[in-house]
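Hi,

Here is the structure I promised to pass on. My notes on a helix pair and a cavity search follow below it.

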Amino acid sequence: MSLSGRNIAFRADASVRIGTGHVMRCLTLADGLREAGASCRFVMREHPGHLAELVQARGHSALLLPPGEGKNDDALPHSAWLGTDWRTDAAQTSAALAGAPVDLLVLDHYALDQRWQTGLADRTARWMVIDDLADRPILADVLLDQNLGTQAADYAPFASPGARLLIGPRYAPLRPEFAAAHDRIASAPAQTALRRILVAVSGTDPDNVSERLLDRLDAAPLPRDIAITVILGASAPHVAAVRARAARMPAPTQLLVGAGDMSQVFATADLCIGATGGMSWERCCVGLPTLLLILADNQVKAARALVQAGAGDMVGDVRAPGWETRFDAALDAALDPGRRAAMRYRALEVCDGRGTVRIVAALQDLWKV
């Protein structure tokens, strides 16, 4: 069934503090929905690093809400991410959407819940919510949580009765090139040599963990012919510092800022050092063994699930003392080609890259009745 003529709106934010992951996964889904005939627009707050230009460059409209005043006394754990109170945000979002009908509103924001959605009841009759936390009441016809280790029962206290739940990495919204890369890599023999290490902390890396990792790699007993690649988003605040550190590395080290085809970047690496965020499923899709960092409390569950699945080894919380010792031990174990081959095999089983197609099919079902 086509989505031709359907108007779909997204409410998601990116910033140096929030990161880029919420907008990026929504943007990938919007591309898939456009392929099915829908028209997509984004409502985003004008935070530093908001990514509205990228949304527009991909052919979707982006409506920017004014910068928030920074005051929010709401009780939700991530309420400060909003930049204002939820009532103000609901009123501003409603005004931004007044110009055209909304057949479906996609919400991807930890700071917003059922109260905010009720304020948008006159704008849409159908809801999709993208979440990772299961920590607040939400209204949803379709609810997506792409994380490994999440169970449908986690949302029983929070989601609308009758919501269709799309749970796990098989629903991770990845761009089409990842599915093609998965099939190609899954049918190829594993590489035994460790030729390239990828440092992919997060899109913005506000605490400059990337530079600290380069310090550890500088001191590590790596193969003599190793090469290192660091990736950062265009809005990352420490690009200059990381570039300067990369230039001082004994091994050839390149910094990629705002890289386009991430499937190719991941596929050309033999080991990754990265956080347990949205890039986890991209790495799994191409069978990239990963040393897993934790940058926030909400990443712990998925990191443990990835270790249990055999798709990565735990470094742990880089905010806690002693992470350097744990990192050195994990890196030493990953120098074993057999260990990397095992992680590669298990990672490929976690995600096949076809999540966007499955989500679009689920949304098409909303209009079959």
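This is a predicted model: local features need pLDDT of at least 70, side-chain atom pairs count only at pLDDT 80 or more; totals for chains, interfaces and linings use all residues.

At what angle do helix H1 and helix H13 pack, and how far apart are their axes? H1 (residues 21–35) and H13 (residues 355–364) pack at about 60°, with axes 10 Å apart. That makes H1 oblique to H13 (under 35 degrees would be roughly parallel, over 145 roughly antiparallel, 65 to 115 roughly perpendicular, and the rest is oblique). The crossing of H1 past H13 is right-handed, i.e. the near helix is turned clockwise from the far one by less than a right angle.

On the H1 side, Thr28, Leu29, Gly32 and Leu33 meet Thr356, Ile359, Val360 and Leu363 of H13 (contact means heavy atoms within 4.5 Å). Those residues split into five nonpolar, three polar and no charged, with Gly counted as polar.

Residues are numbered from 1 along each chain as its sequence is written, and side-chain values use heavy atoms, leaving out hydrogens and water.

Searching the whole structure turns up one cavity of 30 Å³ or more (a set of points on a 1 Å grid where a 1.4 Å probe fits but cannot get out; lining residues have an atom within 4 Å of a point). The largest cavity has a volume of about 50 Å³. Its lining includes Ser280, Arg283, Cys284 and Leu288. Helix H9 (279–285) and strand S12 (290–294) each give two or more residues to that lining, and H9 gives the most, with three.

Cheers

Technical notes: Axes are lines fitted to C-alpha atoms, for helices over the stretch in contact, and angles run from 0 to 180 degrees between N-to-C directions. Helices (H or I, at least four residues) and strands (E, at least two) are DSSP runs, numbered from the N terminus. On a 1 Å grid over the protein atoms alone, a cavity is a set of points where a 1.4 Å probe fits but cannot get out, and a pocket is an open set with protein on both sides within 12 Å along at least five of seven lines; lining residues have an atom within 4 Å of a point. Grid points are joined across faces, edges and corners, and a volume is the space filled by probe spheres set on the points.
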